[in-house]
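Please open the model in your viewer and keep a selection panel at hand.

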Amino acid sequence: MIEEIKKKGVKMNKIKHTIILLLGFMLASSLSACANRSIPQSYAINGVTYQTGFYGNLFANSQSTCFVGDLYEKSDDVWNEEYVVIGNTDGYQISYAPFDIFSIRYGIWQHHLYVAKDRFDEAKQYYASYEAYHFYWAKGVSNTHFDEFHEIEANQIINKKLDELLIVEEKNPKKHENILLGDQAYFFYKISDDGLLTSLRKTYYINEGKLYLFSFMKNDNMYLVEIEDDLSNFFVGLIQG
């Protein structure tokens, strides 16, 4: 089913413009603080009921800008979508999506995806499969500027490990004074093939072969969460090859 849907998915023939890497993920970082807010679970649009909640803890890219391939190119189709008024907000139907999906604005910056109710279970199954994603690790000074990034082979293992890594909380970090972490951080993330969804990009550092999750800075000291050995070894191993 997934391969069939992919073939009907994003229109690749109109891709013309290469844009700055990771633009869509600036929104994803800001969304983390708002992820638990209550949003409408459904909307009635043109006599059809659309539901959200089919993509778990992933985030919709800003205005559902379509990122495809290693260069994160922008599809002209995105900018041709017609805005419509939906209840007390607005949004648009995404013509290149693999399902009947609307992107609906919530608040100032957030967009959430809503799929036709009769396709909800199918869409949920599709976006739950690792086959619908590209996986990456990257290195850079921030999650909006990478010096390099590498695609990871998509399989059930990386999908499971990334899900486990992303739910590690930043609570109870330990203060690290004068820790030698280098100038660059590491990032692990996935993007759906249609470019509509992205995982949250958290900041990690490696010290003496151990992976740490960055929490915050205070008085020039870094507060980090040590990643447990199994996950740490897995992701450090990806980087070291």
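Begin by selecting Lys190, which touches Leu58, Tyr133, His134, Phe135, Asn159, Leu162, Asp163, Leu197, Thr198 and Ser199, leaving aside residues up to four places away in sequence; contact here means heavy atoms within 4.5 Å. Before going further, note that this is a predicted model, in which local features need pLDDT of at least 70 and side-chain atom pairs count only at pLDDT 80 or more, while totals for chains, interfaces and linings use all residues. Residues are numbered from 1 along each chain as its sequence is written, and side-chain values use heavy atoms, with hydrogens and water left out.

Lys190 has its place in strand S14, where helices (H or I, at least four residues) and strands (E, at least two) are DSSP runs numbered from the N terminus. Is Lys190 buried or exposed? Lys190 is buried, with a relative accessible area of 5%, buried being under 20% relative accessible area, exposed over 50% and partly exposed in between (1.4 Å probe, protein chains only). Now display the side chain of Asn159, with which the side chain of Lys190 makes a polar contact at 2.8 Å; such a contact is a pair of N or O atoms within 3.5 Å, and within protein one must be able to donate a hydrogen and the other to accept it, residues adjacent in sequence counting only if both atoms are side-chain atoms.

Next, colour S11 and S14, which pair in the antiparallel sense over 8 bridges; two strands pair if DSSP finds at least two bridges between them. Trp137 has Phe188 as its bridge partner in S14, and Trp137 also stands opposite His150 in S12, the strand of residues 145-152 that pairs with S11 in the antiparallel sense over 7 bridges. Because 7 of the 10 residues of S11 are buried, this strand is largely enclosed by the rest of the structure.

Stay with Phe188, whose contacts include Tyr136, Trp137, Leu162, Tyr204, Leu211 and Phe235. Phe188 is among the residues with the most contacts inside the largest nonpolar core, which has 39 residues; a nonpolar core is a set of buried Ala, Val, Leu, Ile, Met, Phe, Trp, Tyr and Cys residues joined through side-chain atoms within 4.5 Å. Elements that each supply at least two residues of this core include strand S10 (110-116), helix H5 (156-166), strand S14 (185-192) and helix H6 (229-240). Apart from this core lies another, of 11 residues, among them Phe146, Tyr189, Ile191 and Leu224.

Then select the open sheet of 6 strands, with the order S2-S3-S10-S9-S8-S7 and antiparallel pairing. Its edge strands are S2 (42-45) and S7 (84-86), each of which pairs on one side only. Inside this sheet, 3 bridges join S8 (residues 89-93) to S9 (residues 101-106), and Gly91 has Ile104 as its bridge partner in S9.

Asn61 and Leu197 are 136 residues apart in sequence but 5.9 Å apart in space, C-alpha to C-alpha.

Finally, zoom out to the chain, which has 6 helices and 18 strands, and in which buried residues make up 50% of the 241 residues. Among contacts between residues at least 6 apart in sequence, 65% join residues at least 24 apart.
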